[in-house]
Amino acid sequence: MLDSSLLTDFRLTCLERNLGVNGVHVYQKDAGEVAHYFQADDRAELWSASKTYTSLAIGMCAAEGRLALNDPLLGFFPEYADVAAPGSEAIRVVDLLQMRSGKDFEELPEATMDEIEHADWADLYLRAPQDTPPASHFFYANGSTYMLSRLVEKTSGLVLRDYLMPRLFDPLGIVNPWWNACPQGHSFGCYGLQLTLAEFAKLGRLLLQNGAWDDRQLVPASYVEAMHTDVVPPAGHFEGDEWNAGYGYQVWLNRWPGSYRADGKYGQHCVVIPDRQATVTVLSHSETNTAGILAAIFNDIVKKL
């Protein structure tokens, strides 16, 4: 069984290098779980680790027959067909998942404050010019994940957070999670989900178990597999080896073979290590050294499992 001593070196590294880790949780199949908290386990912003939950919702929608990954995005939004920029019709669902939409802007194209507060962000997104053809290259963009959130809502009639309540959050025992929304009330999808460390850690276990939880298949195993095997090269979009190993369906590959992670700004990491049948999850606030957090996870914890 896992013992708290497993975390000793990691705890010391965090303190000595001032990594800003607020808590760490380790789970290993047949060995249980162990955690250490540097502060209270309050709910915290997951930032871009929220994207992985949006990806799971897409997998669920596909399983329910609401969409297919090769479907064109614009086919679900015919009301924008006349205003969408040329080339937008070629964007597929999978291009959004892999950050290859061809619309190379962070979240929204250039917009006035009035547009940001009052316009339909899907309209703004689709009107924006295509910088490159879809599927041609990687560009990490919150707008792509926001459109996945809108797609879940469009096909189900429920905002992303509400769609996931009975399908994911309730089965995982996550009560009334908060997910921030845009001014028009649509779940951001790309960030804004707030969970405790213990709640966030359940994501890793779900992925490790290929989408199953308590003998119930919440997400198709084939989709969970594709999340970290149907990958594209980030091609130096971000600096650091751990951000250039590959990108799947809203998850990052790690240099540790076969492992992958949900990843959020300031060091929100949920790392899945299949060859150790384990997960390591941290909530943090590091504005300068999230790479150091990942290095400590692998050097001080994973190598000892």
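Helices (H or I, at least four residues) and strands (E, at least two) are taken as DSSP runs and numbered from the N terminus. The structure is a predicted model, in which local features need pLDDT of at least 70 and side-chain atom pairs count only at pLDDT 80 or more, whereas totals for chains, interfaces and linings use all residues. Residues are numbered from 1 along each chain as its sequence is written, and side-chain values use heavy atoms, with hydrogens and water left out.

Grid points are joined across faces, edges and corners, and a volume is the space filled by probe spheres set on the points. The largest pocket holds about 460 Å³ of space; of the 21 residues that line this pocket, Phe 238, Trp 243, Asp 263, Gly 264 and Lys 265 are the closest to its centre. Strand E9 and helix H10 (290-301) each supply at least two residues of the pocket lining, which by class has eight nonpolar, seven polar and six charged residues (Ala, Val, Leu, Ile, Met, Phe, Trp, Tyr, Cys and Pro count as nonpolar, Asp, Glu, Lys and Arg as charged, and the others, Gly among them, as polar).

A search of the whole structure finds one cavity of 30 Å³ or more. Residues lining the largest cavity include Lys 51, Tyr 140, Tyr 247, Trp 252, Arg 261 and Asp 263. Helix H2 (50-63) and strand E9 (260-264) each contribute at least two residues to this lining, and the largest share, three residues, comes from E9.

Aromatic rings of Phe, Tyr and Trp (its six-membered ring) were paired if their centres lie within 6.5 Å, with planes under 30 degrees apart counted as stacked, over 60 as edge-to-face and the rest as tilted. By this rule there are 16 aromatic pairs. Phe 188 and Tyr 191 form a tilted pair, 4.8 Å centre to centre with 40° between the planes. Ring pairs also link Phe 138, Tyr 140, Phe 238, Tyr 247 and Trp 252 into a cluster.

A charge was taken to sit over a ring if NZ of Lys or CZ of Arg is within 6 Å of the ring centre and within 35 degrees of the ring normal. Arg 261 lies over the face of Trp 243, at 5.0 Å from the ring centre, while the charged end of Lys 265 sits over the ring of Trp 47, 4.3 Å from its centre.

Conventions: On a 1 Å grid over the protein atoms alone, a cavity is a set of points where a 1.4 Å probe fits but cannot get out, and a pocket is an open set with protein on both sides within 12 Å along at least five of seven lines; lining residues have an atom within 4 Å of a point.
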